[in-house]
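This report is for a reader who is meeting the structure for the first time. Please have the sequence and the model in view while reading.

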Amino acid sequence: MTETIPALRAEQSAGSAGVPTISMIGTRAMLFEAPGEFTLGCQRRIWALMDACTDRPDIAEVMPGVTNLMLIFSTPPENPEDMAAWLRKAWNALPEKHIKGRLFEVGVRYGGELGSDLPRVAEHCGMSPHEVIALHQAPLYTVCALGSVPGFGYLHGLDPRLETPRKSVPSLKMLAGTVTIGGPQAGISALTGPNGWNSIGFTDLVMFDPERDPPALFDVGDQIRFYAESIEL
């Protein structure tokens, strides 16, 4: 059960813009959620906060998410509000952290059976499938966080004109390697299984291989550029 630190409830209920949400998860974990929109600048501040938390001896593990950060403490904190105050101060003071990652050129087979939601995305966005593909290929994406399943990278950079809600009825067996759009984010499915994101294509790249070192292909800060290997409409 998530227990919000009581001292923060008053701040949030007052509607203060720019106030982070900080919650205890059980007795040894704390979740920091950044205010505002999902932007690369916000994510870079999460990375900076991650580094600052890593340097603290009372924190055993840090797990960055999309505009959030999970902290695992060595022992339950005696006063969680003291830690929350430190996080707020660090958030307001730290500059953005820029990570120089690797660049991946990812070939995509757009449409067809493995990209069956491409017509749905096109209809939702009021575009042709070719226009969707052109806009999907145009940006340079950044891996903001790994999560959901092992090896899955949340990508920032999707053109806002392609934002498409996740499906109300998930696909039951979306293949690993499916190129997807979910709301304002892009991704590549890392494991085969149920998935509510919209499939627009497929890549042969293996996102996660337990026999590989490291198992995940992408890391935080890596950049991805998509290009069309083929188009089937």
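**Confidence**

The model is predicted. Its chain has an average pLDDT of 91, and 93% of the residues score at least 70. Residues 1-16 have a pLDDT below 50; this stretch has 28 contacts in the model beyond near neighbours in sequence. Where pLDDT is low, the predicted coordinates should not be read in detail.

**A pair of helices**

Helix α4 covers residues 118-125, and helix α5 covers residues 129-137. The axes of α4 and α5 lie 9 Å apart, and the two helices pack at an angle of about 90°. Angles of 65 to 115 degrees count as roughly perpendicular, and α4 and α5 are therefore roughly perpendicular to each other. On the α4 side, the residues that meet α5 are Leu118, Val121 and Ala122. Their partners in α5 are Pro129, Val132 and Ile133. Sorted by class, this contact of α4 with α5 has six nonpolar residues, with no polar and no charged ones.

| Pocket | Volume | Lining by class |
|---|---|---|
| Largest pocket | About 220 Å³ | seven nonpolar, six polar and one charged residues |
| Second largest pocket | About 160 Å³ | four nonpolar, two polar and two charged residues |

Which residues are closest to the centre of the largest pocket? Of the 14 residues in its lining, they are Ser148, Val149, Phe152, Pro194 and Asn195. Strand β12, residues 193-195, gives the largest share of the lining of the largest pocket, with three residues.

The lining of the second largest pocket includes Glu37 and Phe38. Also among its lining residues are His156, Gly157, Leu158 and Pro160, together with Glu163 and Pro184.

**Backbone features in loops**

Between Asp213 and Pro214 the peptide bond is cis, with omega near -5°. Pro214 is found in the loop between β13 (198-202) and β14 (223-232).

Thr67 is not a glycine, although its phi is positive, at about 55°. The loop that holds Thr67 runs between β4 (59-65) and β5 (68-73).

**Surroundings of Arg56**

Where does Arg56 lie? Arg56 is placed in the loop between α2 (40-54) and β4. Leaving out residues up to four places away in sequence, Arg56 touches Met83 and Trp86. Arg56 and Phe73 are 17 residues apart along the chain, and their C-alpha atoms are separated by 9.7 Å.

Notes: Residues numbered from 1 in each chain as written. Predicted model: local features only at pLDDT ≥ 70, side-chain atom pairs only at ≥ 80, totals over all residues. Heavy atoms only, no water. Axes fitted to C-alpha atoms, helices over the stretch in contact; angles between N-to-C directions. Helix = DSSP H or I, 4+ residues; strand = E, 2+ residues; numbered from the N terminus. Parallel < 35°, antiparallel > 145°, perpendicular 65-115°, else oblique. Contact = heavy atoms within 4.5 Å. Nonpolar A, V, L, I, M, F, W, Y, C, P; charged D, E, K, R; others polar. pLDDT = per-residue confidence, 0-100. 1 Å grid on protein atoms, 1.4 Å probe; cavity = no way out; pocket = protein on both sides within 12 Å on 5 of 7 lines; lining within 4 Å. Points joined across faces, edges and corners; volume = space filled by probe spheres on them.
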